Amino acid sequence: MRTELDPAGLDPTAVYRLLTSTVVPRPIAWVSTVSADGIDNLAPHSFFTVSSVRPPIVQFTSVGRKDSLRNVEATGQFVVNFAPESLFEEINKTATDFPHQVSEFDAVGLGREPSARVAAPRVAGSPVALECELHSTLLLGDSTVVFGRVVHIAIDDAVLDQGHPEVTRLRPLTRLGKDEWGTLGEVRDLRRIRYADWSASN
């Protein structure tokens, strides 16, 4: 037996809760920007993924018009900082609706470091930073999808294994439903099967 639901007949908040509780776990883009007035902003966005590799483009969605979106539109730049488990509480605090003139870096007490290619600072304690220049935006209802071309990548050597980021060292933090967050559980390794090898694998 299933519960059958028509999104068109539901309150938007109910749809949001259903989608964010079933599209899980979601990686977090911890987006740092700087306003036209020079105020640094930092906020987590859990509607986030890779869009393209050639060219390298990532995307995050601003639900409503938040400071991250306004700053990206004004400057054309942003940084996606990796959200590690070790900064769980700080990441949550940066989701607070601080006034526009307040920097989350200062309010939460997070260290900055300068970026190599963009004006927005990087989170000093984050193991990976993807510096981006705005590629385009797409308005979808009450949300805006932001596409950024990755122009520089900075990775902490401590999370590398033979030059490749290693997930048990990265310890990613993810968003689930309600007020739930996810941490890295069991990691399983399984190669894809080529069609040429399909009969041999069954």
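## Domain span and pockets

In residues 21-175 the end C-alpha atoms lie 9 Å apart, and the span is 17% helix and 44% strand, where helices (H or I, at least four residues) and strands (E, at least two) are DSSP runs numbered from the N terminus. UniProt, in an unreviewed entry, places the feature "domain: Flavin reductase like" at residues 21-175; its positions follow the numbering used here, feature names are shortened, and annotations may be inferred rather than shown by experiment.

This is a predicted model, in which local features need pLDDT of at least 70 and side-chain atom pairs count only at pLDDT 80 or more, whereas totals for chains, interfaces and linings use all residues. Residues are numbered from 1 along each chain as its sequence is written, and side-chain values use heavy atoms, with hydrogens and water left out.

A pocket is an open set of points on a 1 Å grid over the protein atoms alone, where a 1.4 Å probe fits, with protein on both sides within 12 Å along at least five of seven lines; lining residues have an atom within 4 Å of a point. Grid points are joined across faces, edges and corners, and a volume is the space filled by probe spheres set on the points.

| Pocket | Volume | Residues nearest the centre |
|---|---|---|
| Largest | about 720 Å³ | Y16, P44, K66, A95, R175 |

The lining of the largest pocket has 10 nonpolar, 12 polar and 9 charged residues, whereas that of the second largest pocket has 17 nonpolar, 3 polar and no charged; Ala, Val, Leu, Ile, Met, Phe, Trp, Tyr, Cys and Pro count as nonpolar, Asp, Glu, Lys and Arg as charged, and the others, Gly among them, as polar.
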